[in-house]
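Reader: I've got the model open and want to know what the labels rest on. Can you walk me through them?

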Amino acid sequence: MSDLTEQYPEYSRTAKLDALRATQYGYLDEQRHIYLDYTGAGLAARSQLRAHRSRLDGATFGNPHSENPTSRSATELVERARRRVLLHLNASPEDYHVIFTPNATGAAKLVGESYPFLKTSRLVLTADNHNSLNGLREYARRAGAKMRYIPMRPKDLRIDTEAVAAALAPPRAWPWRRGQQQRQRQRQPSSRQRGLFVYPAQSNFSGVRHPLSWIKLAQDGGYDVLLDAAAYLPTSQLDLSAVNPSFVIVSWYKVFGFPTGVGCLVARRDALAKLARPYFAGGTVKAATVAVPWHALASGEAAFEDGTVNYLSIPDVHVGLDWISSVGMDTIATRVRCLTGWFIDRLLKLRHSDGRPMVALYGPADVEARGGTVAFNFIDAQGKAVDERLVAHESSRARISLRTGCFCNPGAGEAAFGIAAGTLKPLVGQNGGASFDDFLRLAQLPTGGAIRVSFGIASTSSDVDYFIAFASATYKDRVTTTDGLPPRPGC
């Protein structure tokens, strides 16, 4: 602890979180858990769970699609939660809608299926994206739209702003780049709709935080912007009065653990108006007929919330945001930054007896422009990567919760492991026909993924101490094998 406060003296200002760990999150120590998977899911405070129970004990709630008393009670709490989300994001209700979804993936799918992709439009994604965003390319492909990925730097898994600008620039072959049309375009850079730019505010693989300034860069070039804030919001504030993405996707359980099954698409009103839904359902229409194929969509959020929203859990988003605000996002961010830096420092100092490193780190080795997510592999005494399945098994036995695999982010994994596109070409056209082992063989990978440790609101220095002691005791000077390991699950 003294080393931590010497290196990161600001850690001392986060002492209130140690008290909360002992009370609100006391179940961790009571059940002997070392929880290091905050990027996978946040943890709920006991007060959040009590608030849920108290609300359900104290009132009766019914389906919001009505005007009866129980329906009105549910509707009011859902609408209060919408307003609380906008307040947390410092977003004006005049500018943004809040659409409740099952999770961030559901929010991304709403945009993908409704976005007006054309043969003349483009989908531009960073290679660092969760598969929930990579899947948007299927909608673009079916519409005949062009698609482009922006590569990462292999060493630190960052992306150069120059590469973003180049990817967003219009192809030279487009006719409006010529002559007078080109000069007119230069005077009015946003007069033509080019397509959709998609990227995460924070990588779920490496913890890298990508610049929010890319939002304006893309919008000035005529793009709508979908920002994945799922990994960013648990330890940072997003101010939508300062940056104005067209769409933001969120999973609230990642921010404060409870409720699960509730996410959001936060959409600018002008961007939402561009979307054309290919489907309608109960709650999304003002009226529909069977005698003739006609329907009239509801306006605003209602047009995108299929069926009945999760009205018993959505009010817990309000409770969770109040809880996070009472703790203080600055306090959480400071704690996570200090622990992340200290953890990386200690991880990189792990050595076998012959002096060789025990760890290969993927991503930045400092805390500049990064969150509390750290990806790495253990290296055994013969210099080969320790199979991630072995680490998953042995860390679980030590009651450590962490994540192993590709984390549903293949682009970051390909960059981290140096997989060239050419080696994967045999997979093209084999959707569903090739196995994960086929992929490993083609990529010539010694292991199927990385180890991911991530910190959050209830993390303490003792968690870091425990993990480093486990790593040293388990893998120092050890030669590992894959004997007896189970098959790898899918991503």
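Author: The protein has 19 helices and 15 strands, where helices (H or I, at least four residues) and strands (E, at least two) are DSSP runs numbered from the N terminus. This is a predicted model, in which local features need pLDDT of at least 70 and side-chain atom pairs count only at pLDDT 80 or more, while totals for chains, interfaces and linings use all residues. Residues are numbered from 1 along each chain as its sequence is written, and side-chain values use heavy atoms, with hydrogens and water left out.

Reader: Why is serine 121 called buried?

Author: Its relative accessible area is 5%. Buried means under 20% relative accessible area, exposed over 50%, and partly exposed in between (1.4 Å probe, protein chains only), so serine 121 counts as buried. Serine 121 is in the loop between helix H6 (104–114) and strand E3 (122–126). Leaving aside neighbours within four places in sequence, serine 121 is in contact (heavy atoms within 4.5 Å) with Pro116, Ala145, Lys146, Arg194 and Gly195.

Reader: And what makes serine 251 buried?

Author: Serine 251 has a relative accessible area of 3%, so it is buried. This serine 251 lies in strand E7. Not counting residues up to four places away in sequence, serine 251 touches Asn103, Ala104, Ala230, Val262 and Gly263. Across the protein, buried residues make up 52% of the 491 residues.

Reader: Why does asparagine 90 count as partly exposed?

Author: Asparagine 90 has 42% relative accessibility, so it gets the in-between label, partly exposed. You'll find asparagine 90 in the loop between H5 and E2. Its phi is near 50°, a positive value in a residue other than glycine.

Reader: What makes arginine 399 partly exposed?

Author: Here the relative accessibility is 30%, so arginine 399 counts as partly exposed. Arginine 399 sits in the loop between H16 and strand E13 (400–401), and the phi of arginine 399 is near 65°, a positive value in a residue other than glycine.

Reader: How do you know that the span of H14 agrees with what its 13 residues should give?

Author: The expected span of a helix is 1.5 Å times one less than its number of residues. For H14 that should be 18 Å, and the end C-alpha atoms are 19 Å apart, so the two agree. The buried residues of H14 include Pro315, Asp316, Trp323 and Val327. Among the elements covering the buried residues of H14 are helix H2 (16–22) and helix H15 (329–349). After H14 comes glycine 328, with a positive phi near 105°.

Reader: What about the span of helix H5?

Author: Helix H5 (residues 69–88) has 20 residues and reaches 29 Å from its first C-alpha to its last, close to the expected 28 Å. Strand E2 (96–101) and helix H14 (315–327) are among the elements that cover the buried residues of H5.

Reader: How do you know that there is a cis peptide bond between phenylalanine 258 and proline 259?

Author: Omega is about 10° for the bond joining phenylalanine 258 and proline 259, and that peptide bond is cis. Proline 259 is in the loop between H12 and E8.
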